[in-house]
Amino acid sequence: MAYKIIVSQCTVCSMCEFECPNAAISMKGDTYVINPNLCTECEGSYDSPKCDEVCPVPNTCVPA
């Protein structure tokens, strides 16, 4: 499974992009998106998904 970003809640702070160990997060238009083909939910790198952990807005990075 992969994570996704709730676009309406994203503040475009860019914290998630720099924390993603798989480079699965990128800017698309005026917000960030997660490529589901690259997202591993940080398994093997961290104990929990870093995008969710560093996002300043609760429940913005969520399981897809």
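Biologist: Which residues touch the most other members in the largest nonpolar core?
Modeller: Tyr3, Ile5, Ile25, Ile34, Cys39 and Cys51 do, out of 13 residues in that core. A nonpolar core here is a set of buried Ala, Val, Leu, Ile, Met, Phe, Trp, Tyr and Cys residues joined through side-chain atoms within 4.5 Å. Buried means under 20% relative accessible area, exposed means over 50%, and partly exposed is in between, with a 1.4 Å probe and protein chains only.

Biologist: And which strands each supply at least two residues of this core?
Modeller: Strand 1 (3-5) and strand 3 (31-34). Strands (E, at least two residues) and helices (H or I, at least four) are DSSP runs, numbered from the N terminus.

Biologist: Before we go on, what sort of model is this, and how are things counted?
Modeller: This is a predicted model, where local features need pLDDT of at least 70 and side-chain atom pairs count only at pLDDT 80 or more, while totals for chains, interfaces and linings use all residues. Residues are numbered from 1 along each chain as its sequence is written, and side-chain values use heavy atoms, leaving out hydrogens and water.

Biologist: Thanks! Back to Cys51: what does that one touch?
Modeller: Not counting residues up to four places away in sequence, Cys51 touches Tyr3, Cys16, Ile25, Ile34 and Cys61. Contact means heavy atoms within 4.5 Å.

Biologist: New topic, charges. How many salt bridges does a search of the whole structure find?
Modeller: The search finds 1, where a salt bridge is a side-chain nitrogen of Lys or Arg within 4 Å of a carboxyl oxygen of Asp or Glu. The side chains of Glu53 and Lys50 form it, at 3.0 Å, N to O.

Biologist: Where do Glu53 and Lys50 lie?
Modeller: Both are in helix 2, 3 residues apart, which is about one turn of the helix. Glu53 counts as partly exposed because its relative accessible area is 49%, whereas Lys50 counts as buried because its relative accessibility is 13%.

Biologist: Which ring does Lys50 lie over?
Modeller: Lys50 lies over the face of Tyr46, at 4.9 Å from the ring centre. For a charge to sit over a ring, NZ of Lys or CZ of Arg must be within 6 Å of the ring centre and within 35 degrees of the ring normal.

Biologist: Last one, backbone. What is the phi of Ser14 and of Ala23?
Modeller: Ser14 has a positive phi of about 75° although it is not a glycine, and Ala23, also not a glycine, has a positive phi of about 55°. Ser14 is in the loop between strand 1 and helix 1, and Ala23 is in the loop between helix 1 and strand 2. Ser14 is buried, at 19% relative accessible area, while Ala23 is exposed, at 57%.
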